[in-house]
Every structure is written in structure tokens, then in C-alpha cells.
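Here is a short tour of a protein chain, written for someone who likes to check things atom by atom. Open the viewer and follow along.

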Amino acid sequence: MNIDIQARGFELTEGLREHTYRRLKFATDWAMDDVKTIKVRLSDINGPRGGEDKRCLIQIPMAKKQQIVIQDTEADLYIAIDKAINRAEQLLAKRIGRIKEHAHVKVHHLAYDEEVLISK
């Protein structure tokens, strides 16, 4: 899995990069078969003025589906990262679960149709 982390408007420290990478890897490693790339964009919207302006944007392209886009903005960038990753993990599990459930329904219908054709 390729995890691309970039900062906009400030210098990305090694500690911040490591925290983001470690948390994201832990939250999404189970989905390696379904997810090839994750993009993380960290930004400071107001710059030195402060306030709740630290943003974490996560983009996860999904094969044959719309991409997952999660954004969180907080006063503390580490909190924004953690909240965005938690939401991304939940949405990713939901999407992958639906894809696999839909694939299972198709296989089940195909097997049923084959039985009907054989018995006729």
C-alpha cells in the first residue's frame, strides 16, 4: 500500500509524518487487497493566526467506486489526523463490506440459476 503524506503551508516534521503513517497503516492494513493508494494532505488554513484551522484530508481511491474523501479540522493537527483516520477506517470497512456482500449475492444468484437450469 502506497501512503502519500504531504503538508501544505508548513514544513512536515518527521514526527508528524511518522505519527500519520503509523496510525493510517494500523487502521487500513487489513484492506491491503482492496486499497493500493492513500493520500493524506495536512494543512494550516489560517497560518500563524491560529484557531481551529489544522486540517487533515484523506483520499482513498476505490476500484470501480467513488473515492473515499474524509476531512477533519481541529485546533490540534494530531487530533485532526486521528479523527480523520478513524472515520476513514469506518467508511472503508463499510464500503468494502458492501462490495463483498454484493459479490456474494451475485454468486448466490448464479448458483441458484444454475440449479434451476439443471433441474428443468
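The report below looks at the core, then at one helix, then at one residue in a strand.

## The nonpolar core

Please keep in mind that this is a predicted model. Its largest nonpolar core holds 25 residues. Within that core, the residues with the most contacts are V40, L42, C56, I58, I60 and L92. Two or more core residues come from each of β1 (2-8), α1 (14-28), β2 (37-44), β3 (54-60), β4 (68-74) and α2 (77-119). The top contributor is α2, with eight residues. In soluble globular proteins, nonpolar side chains tend to be buried together.

Setting aside neighbours within four places in sequence, C56 is in contact with V40, R41, L42, I70, Q71, D72, A80, I81 and A84.

With 15 residues, α1 spans 21 Å from its first C-alpha to its last, close to the 21 Å expected at 1.5 Å a residue. Which residues of α1 are buried? They are L16, H19, T20, L24, A27 and T28. Looking down the axis of α1, you will find these buried residues within an arc of 130°, so they line one face of the helix.

## E74 in strand β4

E74 sits in strand β4. Is E74 buried or exposed? Its relative accessible area is 16%, and buried means under 20%, so E74 counts as buried. The side chain of E74 is also joined to that of K83 by a polar contact of 3.2 Å.

How values were computed
Residues numbered from 1 in each chain as written. Predicted model: local features only at pLDDT ≥ 70, side-chain atom pairs only at ≥ 80, totals over all residues. Heavy atoms only, no water. Core = buried A, V, L, I, M, F, W, Y, C linked by side-chain atoms within 4.5 Å. Buried < 20%, exposed > 50% of the residue type's maximum accessible area, 1.4 Å probe, protein only. Helix = DSSP H or I, 4+ residues; strand = E, 2+ residues; numbered from the N terminus. Contact = heavy atoms within 4.5 Å. Polar contact = N/O pair within 3.5 Å; in protein donor to acceptor, adjacent residues only side chain to side chain. Expected span 1.5 Å × (residues − 1). Arc of directions from axis to C-beta.
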